[in-house]
Structure formats: C-alpha cells, structure tokens
Amino acid sequence: MTTFVVIESIPPNQSLVFSAQQGPQGAGGATGPTGPTGATGPTGATGVGASGVTGATGVTGATGPTGVTGPTGATGATGPTGVTGPSGPSGATGATGVGVTGATGPTGVTGATGPSGADSTVPGPTGATGPAGATGSTGATGATGATGATGADGGSANYYDYKADTTATSGDPGTGDLIWNNATQISATQININHINSDGIDVDIFLGLIKTNDVIIVQDANNSNNFQKWTVSATPTMQTNYVEVPVTLTSSAGTGTTNFANNHALIVAIISTGIVGPTGPAGPTGATGPTGAASTVPGPTGTTGPAGVTGATGPSGTAGADGATGPTGATGPAGAGTTGATGPTGPAGAAGATGPTGATGPAVGFAQATMPSTTTNGSLWLDTDATSTTVFEQCWRKAVVTAGTTISGTDDYSLTLAYTVGFEQVYLNGVLLVRAVDYTATDGTSVVLATATLVGDYVEIITTSTFVAANTYTQAQANVLFQDQITADVMDIY
C-alpha cells in the first residue's frame, strides 16, 4: 500500500527530508528521591525602644483691639419741589360726523415759553391744556356681498372590468376592451373605451358622465401595485359603441409603466370632481369722519432747587497684632532590636539513573525533495515508497480588474501563470469550472473562459507537476542502515 503526505506553503529551493514508521522509544529510568529540606532558623526578637514625647503646643497670642470708627457726616438738606400748576379743563367732545371725511382743523398757536424760575424757588404754574378737537364720525360699513352657489357633490369612484388591447391604437377597441393611442402606453394622450365591459354590461350612460379634470385609474385586476393614473384633459367624444377620452398621465408603477400585456384583466376606476360656485362681491367701505382741532399751548414748567451737600466719612481704627506660636517638642529615639538569622537549607537527593532508549523500528520509506525555484510557496505530495516521483502543487490567484474571457500573466502575488496542459483546475468565485466546457487551456500560459468575467470576480488556477525525488533509499537499504545504528547504540550502553 502507498501512503501520501501533503505539506503546504514550502518556499522555493527548500529541501524536505521525510521518513516514516520508526520503532517504539525505550522507557526512561526512574527519577531518584529528593533530599529533605533543612529547617528554617528562628526569627530574632523585635527591639522595645520607646517613642519620644511630643512637645506642648505654644499659646496663641491675644488679638489687638479694633480701632474706633469715625462719625458719619451730616446729609445736606434737599431743596423744595416746585408746585405743579393746575390742569386745564378738557375740551368738549365734537359732534359725530355724517360719513364724509371732514377737513383737518387748523393747528392752535403755540404759546410763548415762560421764564425760568430762580434756583431753589417754586416753579411757575403749568399752563391750561386747550380743548381737544372734535373727532369725525366713522363711515357706515358697506353691505356684504352675496355668497356664491355651492358646487355639486363629486360623484363616487366607480370601477368597471375591462381587458387591455395592444393590437390597435385607434378606433373601436371591441367589446370588453380599451386601447391607448400610443404603443408606449404611458406616452398616450387618448384612451378609447368600449361601452360594453368585459362582464358584458353596457356602461355607456356612465361613460357619458366623464368630464374635464375627472381622474381615471387603469389598474391590474390582480395586483394594485401595477397601475396608471390619468387626468381627463378635455371633453370626451362619444363615438358609436365607444368613447374617446383625452388624457394626461399623472403617475404609474409596475407593469403600468412598462405596458400592460394584451388581453390582461384590468379594472377602470372613474373619479368625478364637483363644480364650485363663484364667490359674491364684497360691499364698499364707509368714509372716515373729520379730525378735531388741536388743543392750546400749555404754560412753562418751573425749575427744581439744588440738592444738599453730603458729609465726609470718618477714618477707621488700626487692627491689633497676632500673638507668637509656641515651639514643638522633640521626638524620642526608636528601639534597637535585631532580626535572627535564617537557618541553612538541607541537601537535595541524588537523581535516579536514566533507562536505556528502545530500538528504532524499520522505516518504510525515506526521501529528500527540493521545491523548484519557479514556484512560490507551493505544496509537496510525497510518496512514502520513495521509489518513483514526488508531486508539487501551486495556486495562481487574481481578483479581476478588467472584464474579459482570457486569463494570463501575473497574479496578485507576482506569480506568472504556467501549467502543464491537462493538469490544471480553474475556479471562478470558488466554483470549479469544467475543462473543455467552461474553459479551454491549450498553451500552458493562458486560460480562455466560455463566459466573460466581471470586475470583482476572483479566479484561482491550481497547477500540479511531477519531478523525480533525489537521494532515495529502498526499504531494504533503510533497514540495513537502521539496524547498524541500533547495534552501535547497544554497544554504547554496555
């Protein structure tokens, strides 16, 4: 029987020596007993010296007396406040205007300014306030315009069953069908709807109610996510057996955007909008009444007397000095006791003799192989018979940066692609490809894929090759060498 051993990541030009199935190792001799440990000597007594007495704290000196605070100066007298003159009588309220804005009355003449009073004397009286001018009346409020009529209620949203017809873009769609006037449905500007729906019901009277600004929704009968939403852009035209509805696309989704298929089941929902009446006109605003004449000029105000002088503040007294702090007492000496010496350690016991080493069993193979200099950290497959060949393996790895079908050149680890035709394995994103089906490899330096790679794909190409192992020994030769070594070892023991 032949056994193979795989050893990976071997650098170039490195040699490997391999052997297998050695004989059992002889048992080791017993270890001798350990000698007793010597006793530890006694610890010496601790000294008993007393600590010195701490000196008394000195007396704190008395605080000096606080100085006398000087007297506060007298506050000067405040001058008298001038007398306020009497207020003039209020003018009578003017009559209410009659809707027309009155002319503004003339401004009263400004009285002369009275002379300034002497310092500290009573101020002069305040002049009388002239009467206020009459206030014009507020004009009458105009009548409120009539409220416009309320628009009619919008109709409820009804829907009808139809089928899509994509075989025509004009004319009568046929019973149960609707068509668009453009092969690209969402680009249509008109939808034609037959008056008989796919349930065989004549809905002509309801189609005749469609008007401008109504909303029409065409939806997949099986999936509401597929729809087209349209706004009626002009008045529909009633034709024999069908109606032509001008429309503008509002939104769409799913197959409503990419075209409903021919004969696909649809529902057509019609949402009517109500009409809002006009708003009545607003009534006119009444005129503002006239403004009254201004009041007369007030008299002058007297001057205020001067304030009295504030007295000076007296000086503060001097603070007394602090007393001195007493000295601190000395610390007593420490005790002088000694520590006893440590006893000696006992001798260690002698070690027992080591037993003889067992004979090595016969080897079934011995080989030396060197990794070729053209590889980068490859793998060795060693035949333990060591009589013929040894196989080495290497892997070419590269992340695709340019899409294409041809793989060649150096990989991401600077290894150049080279292989023996028929001894390669190609992996794309971890999936093993089939030779001659998914790729071709004929020149030993490039691989051509049947399908182009994408940027970001990862390609691995594993290649194997064989070489003759050097310095090999047969089993018989190895047995003789090991037997000679065993005999020499036995002679050394005796």
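Lysine 398 is partly exposed, at a relative accessible area of 27% (partly exposed lies between buried, under 20% relative accessible area, and exposed, over 50%, with a 1.4 Å probe and protein chains only). The model is a predicted one, in which local features need pLDDT of at least 70 and side-chain atom pairs count only at pLDDT 80 or more, while totals for chains, interfaces and linings use all residues. Residues are numbered from 1 along each chain as its sequence is written, and side-chain values use heavy atoms, with hydrogens and water left out.

The side chain of lysine 398 meets that of aspartate 412 in a salt bridge, with an N to O distance of 3.9 Å (a salt bridge is a side-chain nitrogen of Lys or Arg within 4 Å of a carboxyl oxygen of Asp or Glu). Lysine 398 belongs to strand β13 (residues 389-399) and aspartate 412 to the loop between β14 and β15 (424-428), so the pair ties together parts that are 14 residues apart in sequence. Strands here are DSSP runs of E with at least two residues, numbered from the N terminus. Aspartate 412 is likewise partly exposed, with a relative accessibility of 40%.

Four salt bridges are counted by this rule. Side chains of opposite charge can pair when their charged atoms come close. In another of these pairs, the closest N and O atoms of glutamate 424 and arginine 435 are 2.6 Å apart. This pair links distant parts of the chain, with glutamate 424 in strand β15 and arginine 435 eleven residues away, in the loop between β16 (431-432) and β17. Glutamate 424 is buried at a relative accessible area of 1%, whereas arginine 435 is partly exposed at 41%. A salt bridge also joins aspartate 214 to lysine 211, at 3.1 Å from N to O. Here aspartate 214 is buried, its relative accessible area being 0%, and lysine 211 is partly exposed at 28%.

Turning to the strands, β14, β18 and β17 form, in that order, an open sheet of three strands with antiparallel pairing (two strands pair if DSSP finds at least two bridges between them). The edges are held by β14 (406-408) and β17 (439-440), each of which pairs on one side only. Strand β18 (residues 446-449) runs antiparallel to β14, and three bridges join the two. Within this pairing, serine 408 has serine 446 of β18 as its bridge partner.

Strand β3 (residues 158-164) runs parallel to β4 and is joined to it by two bridges; alanine 164 has leucine 178 in β4 as its bridge partner. With strand β5 (residues 190-194), β4 pairs in the antiparallel sense over three bridges, and isoleucine 179 is bridged to asparagine 192 in β5.

Finally, isoleucine 267 lies in strand β10 (residues 265-271). Isoleucine 267 is buried, with a relative accessible area of 17%. Beyond its neighbours within four places in sequence, isoleucine 267 is in contact with Tyr159, Tyr160, Asp161, Ile217, Val218, Gln219 and Ala221 (contact means heavy atoms within 4.5 Å). The C-alpha atom of isoleucine 267 is separated by 9.6 Å from that of phenylalanine 227, a residue 40 residues apart along the chain.

Conventions. Helices (H or I, at least four residues) and strands (E, at least two) are DSSP runs, numbered from the N terminus.
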